[in-house]
Amino acid sequence: MTNIERCIGCYSCMFACSRLRFRVVSLAKSAIQVKSAGGIERGFVVVVCRACVDPPCAKSCPTGALVPRPGGGVIFDESKCVGCKGCHEACIVGAVVWDEERGLPIICNYCGFCTKFCPHNVIAFESVGRELLV
Amino acid sequence: MTDPSLYNVLYIDLTEGTYEVQERRDLFEKYLGGTGVAIRLLEEECPKGADPFSPENPIIFAVGPLTGLYPLASKTVAMFKSPLTGNLGESHAGGRSAVAIRLAGYGAIVIKGASKRPVYVSIFNDQVRIKDATTLWGMRSSYAVGRVLREVEPGAGKRTIMRIGVAGENLVRYANVVVESYRHFGRLGLGAVFGSKRLKALAIAGTRRVEVDDFKAYAKVYEEIYKEAVRTEVMSKYHVLGTAENVLPLNAMGALPTRNLTQTKFELAENISGELLAEKFLVRKMACTHCPIGCIHLASLRIAFAPGHEYETLIIPYDYEPIYALGSMLGIGSAEGVLRLIEKVDGLGLDAISTGVVMAWATEAYQRGLITDKETMGLRPNWGEDVDVYIKMAERIARRANEFYSALADGVEVAASKYGGLDFALTCGGNEVPGYHTGPAALVGFLTGSRHSHLDSAGYSIDQRALRAPMTDEEMVRQLVEEERFRNVLTSLVVCLFARGIYKLEVVSKALEPLGIVLSSEELLKMGSEVLRAKASFKAREGYSPHKLRIAKRFIETPTPLGKLTEERIRNMIKMYVERAGLSDVYGPP
């Protein structure tokens, strides 16, 4: 997140994520979430995986479906997930979006596609040391 | 085929407190959506001669096949019988409304009947609830209504909350519906129709998805349109200064209606220009859902309300039209003044253009002695001299404070019919005039356009082209008809009209193809003509005739940049329009 106060709330990033990852048009299926900060005049909150080096979501996973990713963040193995929602609750920024339809978490895979559709450069895709930030 | 959720029409009956969903593939396959589908639903649902304030008058919202799928397909079309003009009511708004309706699983929503007590309707996917709004009724500001519903309704950030102000409750015939605080179904009185149904608000949110036939092709076309929108100059003016950019150029060419169009140049235009507002007051730009442009300009205004550095800070949206109507038309030459008046008018839920034109007439009528302190309840309007006079006047209109203000609340034509001064009561087809005294094309466009709006056929652009290279009246009319047909294609998709430079017909065809809709440019234009014709038929059915239009003398007396107009010339151009648009059989002989 580079310039959150510049967000105009167009949701193009969310549509980009759902388009690439899920091949659907949806605001529910996106690893990046734009929310109102409480009344449009106050601007927006953009929630996306911070690629923690020691990710709480992975630590909360009882089956090893989420494992830390070299360089930060996590890798998700859908076949091992039992849908306990532990990861969803463990992420205090709310970046583990819950896919109600499939009963699975939506985990950012750090592809950076969303950043190509931000008209105001609110989000950028960059590598910072060991930590990968979107 | 396109995603079938678009075919779902949600019918809500406020009298019975019931709802049902019907699949209307027939309508969407033929007319795409938006304007095209809404006019057919209006024909079906609105009985001939219905009182606009009776339960019989339906409220229709429609989106289209591009909604949710492509950038700039961000608008919702509303249709109803207008309590202001007595014929077609059509108004468009963006905000979160269009994508919310589509992702809730609908292509259109029809609201019929009337509730006995104040209610609001909450739609979340397939859950539809009619809820008590007693506590919201009479609330001083439409902003406050949004603040309450924001806390109790689902879908934060992605939902739409449409609501009316006290003007709508009191059936002011040009009351609007406020959407997401800063966007509006502004024109022709949708807010009053809400009020007549005791419908205070409508909250819509959804979590559904839209399926696409050929996803690969869709994603490709998406990227092309997105890039064109953000990386080229086609749309930059809407983002940079916004529509307020128009103030200075229109003033320079002598087309900025000032002091009830007694003048077309405003000596204080610089003070209310887009440039000045951007430099001194602009604090944030915002977008409708799925629009990467962000034309919504929000100003911040700090007002001292007591000694000792006591301040309140207002966030106020501004655009060209409110600046014209609540600025130059009233002779208000300070940005602070205009912003304060916009904030008041929005909060009351009044249409800015109609309110400004009505108050401009009232000012002139007061100066000419047609009305006195008795009628105005002591207010002494004197152009820009005192903004507070206009703030109070707007409040009194919204509350229909006495017989005079009640007449103002019925529109400037009603007021002038009662108190005199029709020659300077500035309506076209019963609708208060937008701010472009550019020449014959604009005026003929306002008079003939199905919404009597600058957005119907954009005659002001044609006039400006004619300024650069002279044009015959025939050519102007030809361009008006062509533009109106094209715009009815865009508003059926539904694409924002600001994106008209991007969504050329061949781009529209290309965007529709991955959705399984194959239509050539010619077929699209043919559909646009049919939609226009259907709207004209509804207007004619409800008593509108282009041959019986009142043309206020002021439009003729005040010269345009293209010279002084004559009534004969305008009437002749109207005749040409009817023929050219192929509507002679609809409207009958002159």
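Tutor: Arg400(B) is found in chain B, in the loop between α15 (387-398) and α16; helices here are DSSP runs of H or I with at least four residues, numbered from the N terminus. The model is predicted, so local features need pLDDT of at least 70 and side-chain atom pairs count only at pLDDT 80 or more, whereas totals for chains, interfaces and linings use all residues. Residues are numbered from 1 along each chain as its sequence is written, chains are lettered from A and ligands numbered from 1 in the order in which they are written, and side-chain values use heavy atoms, with hydrogens and water left out.

Arg400(B) has a phi near 45°, a positive value in a residue other than glycine. Most residues other than glycine have a negative phi. With a relative accessible area of 21%, Arg400(B) is partly exposed (buried means under 20%, exposed over 50%, partly exposed in between, with a 1.4 Å probe and protein chains only).

The structure holds 19 aromatic pairs over all chains (rings of Phe, Tyr and Trp, the last by its six-membered ring, pair if their centres lie within 6.5 Å; planes under 30 degrees apart are stacked, over 60 edge-to-face, and the rest tilted). Phe404(B) and Tyr419(B) form an edge-to-face pair, because their ring centres are 5.3 Å apart and their planes stand at 85°. Phe404(B) is buried at 1% relative accessible area, and Tyr419(B) is buried at 16%.

Another edge-to-face pair joins Tyr544(B) and Tyr587(B), at 5.6 Å centre to centre and 75° between the planes. Tyr544(B) lies in the loop between α23 (521-541) and α24 (553-557) of chain B and Tyr587(B) in helix α26 (residues 584-587), so this pair links parts 43 residues apart in sequence. Both Tyr544(B) and Tyr587(B) are buried.

Helix α24 of chain B also holds Arg554(B), which counts as buried at 6% relative accessibility. Not counting residues up to four places away in sequence, Arg554(B) touches residues including Glu364(B), Arg368(B) and Asp423(B) (contact means heavy atoms within 4.5 Å).

A further backbone feature is the cis peptide bond between Leu493(B) and Val494(B), with omega about -5°. Most peptide bonds are trans. Val494(B) lies in the loop between α21 (473-493) and α22 (505-512) of chain B.

Conventions: Helices (H or I, at least four residues) and strands (E, at least two) are DSSP runs, numbered from the N terminus.
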